[in-house]
Amino acid sequence: MGNLLTAPTVVDSSEDRTMILNMGPQHPSTHGVLRLVLEIDGEVVVRVAPDIGFLHTGIEKTCEAKFYQQVVPLTDRIDYISPMHNNLCYCLAVEKLLQLEIPERAQWLRVLLSELTRLNSHLVWLGTHAMDIGALTVFLYCFREREQILRLFDDLAGQRMMTSYFRIGGVALEPPLDFYDRTRAFLKTLPEKIDEYEDLLTGNRIFINRTKGVGLLSREDAISLGVTGPPLRASGVDWDLRRDMPYSGYEKFQFKVPVSTDCDVWARYVLRVQEMRESVKIATQALDGLPQGPIKADAPKIVLPDREAMKTQMEALIHHFKIVTEGFGVPAGEVYQAIESSRGEMGYYVVSDGTAKPYRVHMRNPTFATLQAIEKMCVGRLIADVVAAVGSIDIVLGEIDR
Amino acid sequence: MGLVTDTGENKDAVLAAHADHRAIAALTQHLPDAIQNAKFDRGELTLTLARERIIAACRTVQAAGYNFLADVTCVDWYPNRPRFQISYHILSHPLKQRIRFAVFVEEGDPAVDSITGVWPAANFYEREVFDLFGVRFGGHPNLRRLLMPEDYRGNPLRKDFPVEGYR
């Protein structure tokens, strides 16, 4: 055995030292169909090249063939974990093109649902991220609470995941009467549940060892690589679009933006958990202060009429028929509307040529850019740390590939 | 097709009305010949730049505080000319402000300099535009297809590419 241990190193040319390893596209910890081509030296990562596009369905091309209102259900399919953020961002962009005023009640409902969506998304992230690292229990706990959010969405929109609840000009329907009470009851219990997750993870030696000092990303790299959302704030940049460039009435809500300068996977975990607590606060404020009034803008040529009005008034019926068969024209121009989604800056670039179909819709999705930082996070670390880093940027391949 | 037929007679008026805008001030001072057109529409500033000045313009606004590249994408104005509009969305964290750069390129020579040297974030965006529109980016470190298969032929987001694909 002795001469095996002291066997002379046969490798002297540098090209022979490394080998290429494929991680994905069917690897469970890549959260979908991400393929990472790793160049490794022993177990140390030398290079990482993400290979994406396995889920590319040409949504941007499909949008160009649909009426403006028909694009809303397509946007759900981009980021299937936070569909309402996509709905919101697209609707805000088109409303900006139309210069349409949205009633306050609709804005507050949108804020409430955005925050519920953020909670939903962060719960999925927390469960799967902890599971990647080996803490299986948290996954079941998180999905228990997520199920409650999905049931609320089911009651609200008739769909658990692809809600398509937002409309250009407002929201689709008045929520069912018990929706507010159930949401309030859920929000009341959630902070205790977040404590439960933290009991399982925050003091957990294994979890700390797997995340602290792993996946480091400096402030300069984060900015130059286009990183947004929790990974950007974990790198010490105090930037949240909800506070700094408010949309949909976010300026009326009080909340804190957690920031950390640790730059590692641990910091991203801590920030997202704090963000969940802040989301509970925002959602509660939205419930408490929900104004009365209409839920759709007063624009009969753009917003579909109520069912009741359509069946009793000739004009409403004509508008309904026109919108469904011909769509509505949108004045020519281009807008870029960004919101803070669960993962960072989500932006919709919508170009109109004056017709009823968008000339071009482009989605700027947060993890598409953040994925570029994966090499900075992983080089010089072990393969197991790649799993932690990929989990920490909370990727959704639907929005990367579109 | 408002964008293409806009010949730029409003340029000076827009530049004068927003003279204290940080990006306009920096560009008119350092690169006065770069701005071909300016538009202020729905609260958004769009500056059309000369194709060969895009890197210099990005460096100028970066120095002026526009530190974050949010997005690069393309619009195909087929059959109008020039055909392709490359749109750059740039954000300033300190100023809480966005600007848009537009660069127009012709169908016969769809190429523009890559800005990956200014913002490495442009890497994936430019590859995506190259993949889906066939616009080349000079000086890009790895200009290969990103979303479509590597042996794919055609550029799906061009307007002369049918929605259902070629059969």
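The structure is a predicted model, in which local features need pLDDT of at least 70 and side-chain atom pairs count only at pLDDT 80 or more, whereas totals for chains, interfaces and linings use all residues. Residues are numbered from 1 along each chain as its sequence is written, and chains are lettered from A and ligands numbered from 1 in the order in which they are written.

In the contact between the chains, 36 residues of chain A meet 30 residues of chain B, two residues being in contact if their C-beta atoms, placed from the backbone, lie within 7 Å. On the side of chain A that touches chain B, two or more residues are given by each of α2 (59–63), α9 (219–224), β6 (333–341), β7 (344–352), β8 (360–364) and α15 (366–370) of chain A; helices (H or I, at least four residues) and strands (E, at least two) are DSSP runs, numbered from the N terminus. β6(A) supplies the largest share of this side, with five residues. By class, this side of chain A comprises 15 nonpolar, eleven polar and ten charged residues, where Ala, Val, Leu, Ile, Met, Phe, Trp, Tyr, Cys and Pro count as nonpolar, Asp, Glu, Lys and Arg as charged, and the others, Gly among them, as polar.

In chain A, three strands in the order β6-β7-β8 form an open sheet with antiparallel pairing, two strands being paired if DSSP finds at least two bridges between them. Since β6 and β8 of chain A are at the edges and have a single partner strand each, one side of each is left without a neighbour in the sheet. From one strand to the next the twist averages 15°; axes are lines fitted to C-alpha atoms, for helices over the stretch in contact, and angles run from 0 to 180 degrees between N-to-C directions. Five bridges join β7(A) and β8(A) in the antiparallel sense, and A:Tyr349 stands opposite A:His362 in β8(A). Helix α4 (residues 83–98) of chain A packs on this sheet, where it touches β6 and β7 of chain A, and its direction makes about 150° with that of β6(A).

α4(A) also packs against helix α5 (residues 104–133) of chain A, at an angle of about 145° and with the axes 8 Å apart. To this contact α4(A) brings A:Met84, A:His85 and A:Leu88, while α5(A) brings A:Arg110, A:Leu113, A:Ser114 and A:Thr117; these residues divide into three nonpolar, three polar and one charged.

A further helix pair in chain A consists of α6 (residues 136–157) and α7 (residues 179–201), which pack at an angle of about 165° with their axes 10 Å apart. The two helices are therefore roughly antiparallel, a term applied to angles over 145 degrees, whereas those under 35 count as roughly parallel, 65 to 115 as roughly perpendicular and the rest as oblique. Among the residues that meet in this contact are A:Tyr141, A:Leu152 and A:Leu156 in α6(A) and A:Phe179, A:Phe186 and A:Leu190 in α7(A). The contact has eleven nonpolar, three polar and five charged residues.

Elsewhere in chain A, strand β2 (residues 35–41) and strand β3 (residues 44–51) pair in the antiparallel sense over seven bridges, and A:Arg35 has A:Asp51 as its bridge partner in β3(A). These two strands form a hairpin with two residues between them, and A:Gly42 in the turn has a positive phi of about 70°.

In chain B, five strands in the order β1-β2-β5-β4-β3 form an open sheet in which the pairing is mixed. Strand β2 (residues 44–49) of chain B runs parallel to strand β5 (residues 97–105) of chain B, the two being joined by four bridges, and B:Thr48 has B:Ala102 as its bridge partner in β5(B). Helix α4 (residues 54–63) of chain B packs on the sheet and touches β2, β4 (84–92) and β5 of chain B, its direction making about 175° with that of β5(B). β3(B) and β4(B) pair in the antiparallel sense over eight bridges, with B:Ser87 in β4(B) as the bridge partner of B:Thr73.
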